[in-house]
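Have the coordinates open as you read, and take the points in order.

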Amino acid sequence: MKSGLEDVVAAETVLSDVDGKNGRLIVRGVSLDDLVTSSRYEDVLELLFDGFFPMRGSVQPALGAARQEVFAHVAQTDPALVALPPVEGMRALLARLDDGDDLAAALRLVAAPSVFTTALLRLKAGLSPIAPDAGLPHAADVLRMMTGTMPSMQQVSALDRYLVTVADHGLNASTFAARVVASTQAGLTSSVLAALSALKGPLHGGAPGPVLDMLDAAATPADAPAWLESALANGERLMGFGHRVYRVRDPRADALKGAVRVLAGSGAIDPARLALAEAVEAAALDLLKRKKPDRPLDTNVEFYTALLLEALGFSREAFTCVFAMGRVGGWIAHAREQALDGRLIRPMSVYVGPMPQVAA
Ligand code: COA
């Protein structure tokens, strides 16, 4: 067997292609570079859902209405749920949505991570949740629901670019989890819950928070090389680097670096913070090249995600929730693709335990 199912093909998909050799991501025939410059998150949902749901009219108003529908569940939030880490609180609220397979169920699930996360963040801060404005584009409303004020155009476009960038990415661990559950015909909420649980781990979607911890610990551009060297010598992984599929730079890293530079230009990121990040990235790449010569390790999506989400005002413990706000579109499209295929996913294992004693 292949440890970690590395290189094992487990699905056919029309949704996205991760070309690890050339550092390219294609979503339904469109390369990520084009997608991020021409699309909002709603456009990408239309692209992903095409053929899997009957799409009537534009997604934006329907998604706005879904945000409002989902917000009704926020009233059920109790203090124990607010005390949980945001991703766990959000998962608990999401579990309240009933299983379904139609477009209405899909849009409620797309809306849920955004509505629940922003409400939980406000409740944690002792503030009242803010109801969605169905008339706004999704990214603008997410930021408004979090802060209570209308975000700037640069902030909206940075969040939109992030959501578009992470919307789908081949058969990653959370998408595979979604497809396994979908193959049992359990319904979309069940698939999304499985995917969210897989996303939460630091080897998948839980890395951007630790990227900021690393920047804090590295402290200054001058201290970064020594700090990184000692972390690696202690057997730690450098967060925001390495990928199962990409053997070159993750194209999403550059898509997000572009957005980070725009935010920095508008004064939303302290130039010293950006300079530290760039110094840490350069030192880490140099170190990984020297210490792990057999394994090409480059910057992945999480590195600049960390700076972008920090600049937009998300607390680091909420970063995985924001990842889910974008990836949920991909999970749902994959779940539908799998459910329509109709075949149960049921692989085999090799038994390596003891055999029963045979009586002499
Ligand atoms: N820092 C240091 N070493 C790393 C590394 C990192 N970020 N990522 C991989 N490696 C090393 C491993 O230690 C291993 O080296 P060894 O053979 O000398 O023991 C080698 O590269 C292969 O690692 P492996 O665990 O088999 O790779 P994988 O494909 O299973 O892992 C990740 C992929 C993403 C889980 C891994 O690169 C990682 O943990 N990255 C940091 C967390 C992160 O950024 N996650 C977000 C992913 S988008």
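1. The largest cavity has a volume of about 60 Å³. A cavity here is a set of points, on a 1 Å grid over the protein atoms alone, where a 1.4 Å probe fits but cannot get out; points are joined across faces, edges and corners, and the volume is the space filled by probe spheres set on them. The structure holds 1 cavity of 30 Å³ or more.

2. Around the largest cavity you will find Asp-101, Ala-182, Gln-185, Ala-186, Gly-187, Leu-188, Ser-191, Ala-335, Arg-336 and Ala-339, where a lining residue has an atom within 4 Å of a grid point. Helix H10 (188-199) and H16 are the elements giving two or more residues to this lining, and H16 has the largest share, 3 residues. Helices are DSSP runs (H or I) of at least four residues and strands (E) of at least two, numbered from the N terminus.

3. Before going on, please note that this is a predicted model: local features need pLDDT of at least 70, side-chain atom pairs count only at pLDDT 80 or more, and totals for chains, interfaces and linings use all residues. Residues are numbered from 1 along each chain as its sequence is written, and side-chain values use heavy atoms, with hydrogens and water left out.

4. Now to the pockets, each an open set of grid points with protein on both sides within 12 Å along at least five of seven lines. The largest pocket has a volume of about 1,800 Å³ and is lined by 49 residues, with Asn-172, Leu-203, His-243, Arg-244 and Val-245 nearest its centre. Strand E1 (16-19) and helices H9 (173-182), H15 (301-311) and H16 (319-341) each supply at least two lining residues.

5. What takes up the space of the largest pocket? The ligand does, by the rule that more than half of its atoms lie within 2 Å of the pocket's grid points. Of the 20 residues around the ligand (a heavy atom within 4 Å), Arg-237, Leu-238, Phe-241, Arg-244 and Arg-295 come nearest.

6. A polar side-chain atom of Arg-237 is 2.7 Å from a ligand oxygen, a side-chain N or O atom of Asn-300 is 2.9 Å from a ligand oxygen, and a polar backbone atom of Phe-241 is 2.8 Å from a ligand nitrogen.

7. Finally, the second largest pocket contains about 230 Å³ of space. Its lining has 13 residues, and Leu-5, Val-8, Phe-176, Pro-347 and Met-348 lie nearest the centre.

Conventions:
A polar contact is a pair of N or O atoms within 3.5 Å; within protein, one must be able to donate a hydrogen and the other to accept it, and residues adjacent in sequence count only if both atoms are side-chain atoms.
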